[in-house]
Amino acid sequence: MAYTTLQRVGNAVRHTRLSQDLTQEELAELIGTSYTYISSLERGQRNVTIQTLDRIAQACRTDLFRMLQLDGPEDETIVEMLALLMSRDPLDRKKVLNIAREMFRTQ
């Protein structure tokens, strides 16, 4: 299934928000909007300005362009795994990678 541009942007916003362990309500408060706007944006149902995307990125302590590179899978388990990993330092991410490699190594 091909996703629309709005759905892909919404997915990137969700990934970024989750990487900072923010609820939709918390993000909305940080950028001065409603949680219903964040929810509809994440579902790809609302248009968004570059200025709003920039405020979201700043609230999530990232760069706008980095945030938009986070467009990824729709599988919620993968989204949660990515969000968890993004919130960790590089050494922890490397450890998790090594553990996953060991778990899935074929013998």
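Reader: Is M103 buried or exposed in this structure?

Author: The model is a predicted one, and a residue is called exposed when its relative accessible area is over 50%. M103 has a relative accessible area of 59%, so M103 is exposed.

Reader: What does R17 count as, and where is its place?

Author: The cut-off for buried is under 20% relative accessible area, and because R17 has 8% relative accessibility, it counts as buried. R17 lies in helix α1, and its side chain reaches the backbone oxygen of L22 at a distance of 2.8 Å. Other buried residues of α1 include V9, G10, N11, A12 and V13.

Reader: What should the 15 residues of helix α1 span, and how far apart are its end C-alpha atoms?

Author: The reasoning takes 1.5 Å a residue, so the helix, made of residues 5-19, should span 21 Å, and its end C-alpha atoms are 21 Å apart, which agrees. Just after α1, D21 takes a positive phi of about 55°.

Reader: Which helix has the lowest mean pLDDT, and which the highest?

Author: Where pLDDT is low, the predicted coordinates should not be read in detail. For the protein chain the mean pLDDT is 87, with 91% of its residues at 70 or more. Among the elements of the chain, helix α6 (residues 76-86) has the lowest mean, 76, whereas helix α2 (residues 24-31) has the highest, 97.

Technical notes. Residues numbered from 1 in each chain as written. Predicted model: local features only at pLDDT ≥ 70, side-chain atom pairs only at ≥ 80, totals over all residues. Heavy atoms only, no water. Helix = DSSP H or I, 4+ residues; strand = E, 2+ residues; numbered from the N terminus. Expected span 1.5 Å × (residues − 1). Buried < 20%, exposed > 50% of the residue type's maximum accessible area, 1.4 Å probe, protein only. pLDDT = per-residue confidence, 0-100. Polar contact = N/O pair within 3.5 Å; in protein donor to acceptor, adjacent residues only side chain to side chain.
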